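Please read this briefing alongside the model.

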Amino acid sequence: MRRASRIRAQSNRASLELGPFALETGIPHFRTGRSVADPIDPVVVADDSVISGLDYWRQLPIKQQPSWPDADAVARASAQIASFPPLVFAGEVDILRERLARAASGDAFLLQGGDCAETFAGATADQIRNRVKTILQMAVVLTYGASMPVIKMGRMAGQFAKPRSSDTETRGDVTLPAYRGDIVNGYDFTPESRRADPARLVEGYHTAASTLNLIRAFTQGGFADLREVHSWNKGFASNPANHRYEQLAHDIDKAIRFMEAAGADFDELKRVEFYTGHEGLLMDYERPMTRIDSRTGTPYNTSSHFLWIGERTRDLDGAHVDFLSRVRNPIGVKLGPTTTPETMQKLIDKLDPNREPGRLTFITRMGAGKIRDALPPLLEAIKATDANPLWVTDPMHGNGITTPNGYKTRRFDDVVDEVKGFFEAHRHAGTHPGGIHVELTGDDVTECLGGSEQLDEAALATRYESLCDPRLNHMQSLELAFLVAEELAK
């Protein structure tokens with residue numbers, strides 16, 4: 001077997017440079033983290049076994065993939081994506097892994113938030129800004145409540161594909177393929193719209209790139225200034241409906257004024273680290289976005305900093321678990337209420353065999369009525385192992401209901417109750433509740449019932465905009481942050 005020690009010396013023209021295609025696979029190498037002052041930059045080439053391993057998933061059972069009508073067109077689209085620059089860089093991924101390791105050990109907290117399913121039409125400057133703004137506002141509150149750093153991550157710049165409970169949808173006497181997200185097909189219920197279109201793969205890449213461009217601008221250009229973000233929260237807390245949070249907002253304000261008086265460097269506090277994550281679902285997109293890091297000869301999925309495996313695709317012998325076990329990104333796995341300690345242990349062994357800090361995140365989505373029974377056995381079992389995954393709660397997906405008038409929704413009180421159950425279970429087990437994963441939007445939609453606005457079933461029709469699952473709106477998201485801060489303060 002040819003070793004990865006084959007090294008080519010090249011001039012280092014920039015800190016990131018796309019190298020030639022690997023002839024065996026057509027996957028570009030990429031280089032990160034090098035000093036531009038270095039005259040010679042060695043490029044490490046991956047072992048042949050690493051390259052072939054990235055395609056082993058093709059031999060395994062796979063779920064939740066579209067039925068593409070033209071296989072050649074899909075291959076051409078994937079090859080085009082493979083020729084594009086990476087969306088995120090290996091050095092950023094490595095930093096996130098270090099941050100998540102701190103969260104797993106109890107020294108940080110992860111906030112993941114964003115759309116259920118991003119749409120191409122929704123990738124506007126205003127909507128992206130509002131989602132980023134909401135996450136930043138929540139993070140300020142959580143940082144104060146937890147008295148520790150909050151890792152900020154958007155379900156953004158790649159959450160274009162969705163798993164579905166059925167391959168088809170029937171309305172009346174018409175049956176068509178299910179809507180699988182904008183990167184696959186359209187939402188309109190027509191044969192033309194629901195036909196899987198490989199050109200959407202390329203459009204997904206470009207939409208993700210423009211979204212990331214705006215995220216970087218908003219988080220590095222002064223928009224994220226701590227004082228400005230907190231001023232938005234003061235306006236929220238001064239609303240009579242949110243009076244219970246006014247004292248917490250006052251305490252944060254007092255802390256910020258103390259920092260200013262003490263000479264804190266607010267130039268540094270104008271910028272924040274912001275990461276992206278999405279479900280690693282659509283293999284015709286994720287595979288060509290996986291590149292070889294020239295520093296180490298190891299694969300990174302450059303579509304996102306963080307990827308997770310859904311409850312429907314976490315089969316131990318399935319394609320998704322195998323493929324994501326081979327990339328260097330931190331990986332999340334959704335765990336539902338039927339997850340057994342034995343299954344959890346096998347997932348650990350497959351995805352984190354070296355027990356690497358920050359590598360593995362378990363995202364529990366059990367439902368408010370089940371989490372207090374389903375989570376404790378997993379926490380007790382994990383204490384008997386040498387693994388230290390990050391535990392994150394997803395209080396959204398286990399609490400879905402459908403109203404009599406046909407709207408998919410969630411009750412805000414159920415979301416809050418599952419969060420409380422998550423914290424209770426960890427307190428009893430002596431483990432660390434390390435984060436929260438929420439479907440949210442920065443807009444004033446009416447998709448989830450309750451909250452301080454007291455949205456009822458009649459209000460759902462006012463601004464129900466989600467194409468898949470219901471999201472917390474801006475006000476409900478901030479209310480949840482204040483409630484979680486209270487739990488963290490305990």
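This is a predicted model: local features need pLDDT of at least 70, side-chain atom pairs count only at pLDDT 80 or more; totals for chains, interfaces and linings use all residues.

Residues are numbered from 1 along each chain as its sequence is written, and side-chain values use heavy atoms, leaving out hydrogens and water.

**Barrel**

- Eight strands close into a barrel in the order β5-β6-β9-β12-β13-β14-β15-β18, with parallel pairing.
- Strands here are DSSP runs of E with at least two residues, helices are runs of H or I with at least four, and both are numbered from the N terminus.
- Two strands pair if DSSP finds at least two bridges between them.
- From one strand to the next, the twist averages 25°.
- Strands β5 (residues 109-114) and β18 (residues 435-439) run parallel and are joined by 5 bridges.
- G113 stands opposite V438 in β18.
- Helix α3 (residues 90-104) packs on the sheet and touches β5, β6 (150-155), β9 (275-279), β12, β14 (360-364) and β15 (390-393). The direction of α3 makes about 125° with that of β6.
- Helix α13 (residues 412-429) also packs on the sheet, touching β5, β14, β15 and β18. Its direction makes about 155° with that of β15.
- Axes are lines fitted to C-alpha atoms, for helices over the stretch in contact, and angles between N-to-C directions run from 0 to 180 degrees.

**Listed binding site**

- An unreviewed UniProt entry lists R155, E311, R312, K334 and R365 under "binding site". UniProt positions follow the numbering used here, feature names are shortened, and annotations may be inferred rather than shown by experiment.
- R155, E311, R312, K334 and R365 from this set are in the lining of the largest pocket.
- On a 1 Å grid over the protein atoms alone, a pocket is an open set of points where a 1.4 Å probe fits, with protein on both sides within 12 Å along at least five of seven lines; lining residues have an atom within 4 Å of a point.
- E311 sits in the loop between β12 (306-309) and α10 (319-324). R312 lies in that loop between β12 and α10 too.
- E311 counts as partly exposed because its relative accessibility is 26%. Buried means under 20% relative accessible area, exposed over 50%, and partly exposed in between (1.4 Å probe, protein chains only).
- R312 is partly exposed, at 41%.
- Beyond neighbours within four places in sequence, E311 is in contact (heavy atoms within 4.5 Å) with K334, L335, G336, T338 and R365.
- R312 touches K63, Q64, P163, R164 and S165, not counting residues up to four places away in sequence.
- The side chains of E311 and R314 make a polar contact of 3.1 Å. Such a contact is a pair of N or O atoms within 3.5 Å; within protein, one must be able to donate a hydrogen and the other to accept it, and residues adjacent in sequence count only if both atoms are side-chain atoms.

**H305**

- H305 is in the loop between β11 (298-301) and β12.
- The side chains of H305 and E92 are joined by a polar contact of 3.0 Å.

- Most residues other than glycine have a negative phi.
- Q64 is in the loop between α1 (48-53) and α2 (71-83), and is buried at 16%.
- A157 is in the loop between β6 and β7 (168-171), and is buried at 0%.
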